[in-house]
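Hello,

Here is the structure we talked about. Please open it and read my notes alongside.

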Amino acid sequence: MRPVSAINRFGWGQRDSAREGAGLSLHDWLAHQLTGPDTAMFRGVSSCADGLIALREQRRTKVQGDPLVKPIFQAEVATQMDTLLLTDQPFRERLAWFWFNHFTVSLRQGSTRAVIGAYMREAIRPHVTGRFSDMLLAVMRHPAMLMYLDNASSIGPDSAAGRKSHHGLNENLARECLELHTVSPAAGYSQGDVTSFAAILTGWGVDMKAERPGFVFREKAHEPGPKTLMGQAFPESEDGGVQALHFLGTHPATYRHIATQMVQHFVSDTPSPAFVRHVETVLRDSEGDLQAASLALADLPDPGPGGGKFRSPMDYATAVLRALSIGGEPSRPDDPHSPAHQLASAFSTLGQPLWTAPLPNGWSDNAADWCAPADMLARADWAWRVGSYAPAGSQHPDADLYSQILALNAHDPVTGPAFRNALKARGFSEASRMDMGGTAVPEKSRKPDAFARLSTAAGQMLATPHGPRIAALEIGGWDTHAGQLGRLGSPLAQLDRGIGALRQGLGESWKRTVVLAMTEFGRTVRINGTGGTDHGTGTVAFLAGGAVAGGKVGGTWPGLRSSQLFENRDLAPTTDLRAVAAGVLCDHLHLPSRAVATVFPGPTVDPMTGLVVPV
């Protein structure tokens with residue numbers, strides 16, 4: 001019998017009907033799954049071209065709803081979830097989903113719904129045991145990726161189409177390919193490299209008018225002339241893009257980057273440099289052979305009890321349903337009670353909806369992003385419903401169950417405090433001493449959106465006597481590289497509701513609170529060629545809360561004239577946001593400036609003063 005730790009680490013959890021390579025060494029068990037053909041059978045699915053035809057017809061007829069694309073999507077969900085539950089090649093299946101997350105395409109860009117399943121089957125799965133550079137090329141040519149990261153509408157400014165339409169570059173795909181898919185920022189590329197790579201990729205688009213829609217290279221939209229990327233020259237035309245992708249796909253920095261991600265996913269949130277070097281060496285010596293690199297993971301020692309990975313919602317829910325031997329006959333796409341639908345619904349319930357990563361960097365592999373108090377409570381509630389066959393939306397479990405879970409996690413430094421704080425936020429004044437046998441029902445209230453619910457819970461925790469003093473909340477949806485004016489309304493409204501919910505949760509403690517709202521990175525002020533903005537330096541931040549000395553605007557306005565812009569595209573930064581954060585920490589939490597100076601990377605900054613009402 002294969003050790004449970006190996007089954008969990010390299011697969012999706014044990015099914016009671018599977019023998020999991022009995023008699024084989026770990027390396028041979030994994031190799032057996034990768035050396036043969038992919039045994040997954042996808043029933044009733046459509047090609048990418050069929051999905052694009054359905055999308056085109058819906059747009060042409062302006063039909064209400066999603067009647068042509070919806071059946072295609074439902075069929076993909078049914079058969080791909082069935083494969084997760086039933087696969088006899090769990091390591092291969094694990095790799096397929098790992099690489100899909102690496103090359104994330106998300107349903108948050110609506111048009112991808114018609115082709116996202118085909119993307120995984122056509123661009124990812126065929127290459128999980130091949131060369132990384134081949135997978136990279138397949139991904140970058142697939143309509144799903146070209147639509148998701150806006151390259152289908154990127155036009156060379158000096159191309160025939162650019163001169164006629166006055167449209168221009170969209171850097172989204174080029175930037176994410178460099179930053180996330182290949183060399184990573186550690187390679188030291190510049191903004192000029194991003195712009196040059198975007199020009200190299202102009203003309204790479206989707207032909208929606210063809211009889212069989214799909215990838216097309218539009219020469220008239222391609223920026224003419226040779227380009228230079230990271231010191232290498234590439235010719236114009238489609239072949240220049242192919243050469244550039246091969247250069248990136250075989251770059252030493254790329255091997256180091258993907259080796260780090262593989263070790264982080266399969267071994268530890270904090271990868272050992274020696275482990276990373278081992279996988280990186282295999283990639284370099286094999287010219288990017290992903291099968292060899294995947295098998296090299298078996299050479300790394302088992303982390304042992306307590307040292308393994310914390311399961312993401314997808315990993316956790318799949319393992320639970322496999323342990324219960326859920327699934328067997330093919331799920332009907334339109335059956336809401338099918339095993340496939342049960343699994344996909346679990347992903348959403350637990351906070352990781354299928355194919356809906358909030359950003360192009362995909363879902364996190366770090367435990368800290370999945371073990372917040374609300375996440376732990378959601379797992380307990382879902383597991384109770386599954387174990388008792390209780391339908392979603394039914395009453396919460398008995399307090400006895402919560403007490404037992406709390407006892408099981410009491411000594412875990414991650415899950416113990418998270419679960420205890422979750423129960424307190426739900427309304428239990430003393431979570432560790434709940435009466436046995438009672439029914440754990442929180443106060444009923446109107447259900448706001450997810451960010452508002454999170455904000456309310458955070459406010460309640462902060463207001464608790466002897467509770468935490470600092471909370472960090474995150475909201476996505478701001479990374480708008482195209483059609484920005486029509487897309488920012490939703491996240492702005494969520495932010496507004498969230499701050500209101502935080503104030504409500506804090507109650508009287510709002511008077512003693514400072515809220516600092518700031519972005520992860522800036523945006524350019526110069527609009528790109530597709531009605532959006534690209535990653536930049538300049539940004540804004542604001543302070544709110546009863547403890548803020550408000551009614552004023554800080555910083556120096558740098559101006560919007562071309563001569564005043566940073567790199568001719570960006571609002572010149574005049575105030576270091578670290579100074580704002582440092583000022584709040586010093587004046588509000590009364591931390592010494594010398595201690596705050598050790599928190600922020602880079603050169604030391606002087607804390608901004610006068611932001612907080614003196615106490």
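Helices (H or I, at least four residues) and strands (E, at least two) are DSSP runs, numbered from the N terminus. The model is predicted: local features need pLDDT of at least 70, side-chain atom pairs count only at pLDDT 80 or more, and totals for chains, interfaces and linings use all residues. Residues are numbered from 1 along each chain as its sequence is written, and side-chain values use heavy atoms, with hydrogens and water left out.

Two loop residues to look at. Trp557 lies in the loop between β8 (542–544) and α23 (577–588). Thr513 sits in the loop between α22 (489–506) and β5 (515–517).

Buried means under 20% relative accessible area, exposed over 50%, and partly exposed in between (1.4 Å probe, protein chains only). Trp557 is exposed, because its relative accessible area is 59%. Thr513 is buried, at 14%. Beyond its neighbours within four places in sequence, Thr513 is in contact (heavy atoms within 4.5 Å) with residues including Leu506, Ala544 and His588.

Now the salt bridges. Each is a side-chain nitrogen of Lys or Arg within 4 Å of a carboxyl oxygen of Asp or Glu. The whole structure has 17. One joins Glu76 and Arg121 (2.5 Å, N to O). Glu76 is in helix α4 (residues 69–86) and Arg121 in helix α6 (residues 116–124), 45 residues apart. Glu76 is buried at 3% relative accessibility. Arg121 is buried too, at 17%. Another salt bridge joins Glu508 and Lys511 (3.0 Å, N to O). Both of those residues, Glu508 and Lys511, are exposed.

Best wishes
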